Amino acid sequence: MERVLLDEVISTDYGQFDVIWADEGGFDGDFDRFFRGQDNGLVGAADPGGVYLNLARRSGGSPVRIVLVDTTPGTPDPSWEDVVEVSITVPEASNVRWCSWAGENVGAIDGLGAGTYRMRVSARGRDAGHADEFGKESVDFYLAQLWLDPKAPDAVLRVGSADAAYWHEEVGSRQARA
């Protein structure tokens with residue numbers, strides 16, 4: 001069973017999309033704070049106040065769908081070029097919400113209660129999003145699936161775009177720096 005928590009075209013700048021539960025939060029440019037101890041460079045989950053998703057487009061809108069599922073999803077559909085997993089812990093009495101760069105756009109994410117979750121983020125069109133970063137049409141797409149699961153190291157399940165490979169190399173691989 002799947003419960004949709006968000007299904008919108010997110011307008012952002014600098015490709016920043018955050019899911020936060022701390023009073024103040026969101027990506028502030030400190031890659032080490034969000035990616036410390038991680039191998040992937042697309043989803044920063046090291047900050048206890050939220051998780052940062054690095055979208056490929058610099059500006060414009062990208063469709064983002066967030067769903068809560070009952071069990072671990074199976075093998076990602078081949079149409080998703082890039083797939084990573086991280087663990088997040090949402091504390092009790094948290095106000096879970098999403099925001100884009102500098103809080104330009106915000107919204108509630110109802111239905112994500114306290115607990116430790118595994119989050120699988122799948123993307124397609126990252127290379128097109130990077131190439132058409134100011135375009136008017138959506139060209140990169142994102143799916144975040146969450147399920148209750150014990151904390152585990154992040155994992156890069158699939159790399160199919162040059163853009164994701166760049167970010168994994170540039171921002172990920174922080175295990176050695178932890």
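Colleague: Hi! What should I know about the ground rules?
Modeller: It's a predicted model, where local features need pLDDT of at least 70 and side-chain atom pairs count only at pLDDT 80 or more, while totals for chains, interfaces and linings use all residues. Residues are numbered from 1 along each chain as its sequence is written, and side-chain values use heavy atoms, with hydrogens and water left out.

Colleague: Why is the pair of Phe 31 and Trp 167 called tilted?
Modeller: Because their planes are at 35°, with the ring centres 6.1 Å apart.

Colleague: And Phe 35 with Tyr 52, what kind of pair is that?
Modeller: Edge-to-face, with 90° between the planes and 6.0 Å centre to centre.

Colleague: Is Phe 35 buried or exposed?
Modeller: Buried, at 0% relative accessible area; buried means under 20%, exposed over 50%, partly exposed in between (1.4 Å probe, protein chains only). Tyr 52 is buried too, at 3%.

Colleague: Which residues form the aromatic cluster?
Modeller: Phe 27, Phe 31, Phe 34, Phe 35, Tyr 52, Tyr 166 and Trp 167 form one cluster.

Colleague: Switching topic: is Glu 137 buried or exposed?
Modeller: Exposed, with a relative accessible area of 58%.

Colleague: How far is its C-alpha from that of Val 64?
Modeller: The two C-alpha atoms are separated by 14 Å, and the residues are 73 apart along the chain.

Definitions and conventions:
Phe/Tyr/Trp six-rings, centres within 6.5 Å; stacked < 30°, edge-to-face > 60°.
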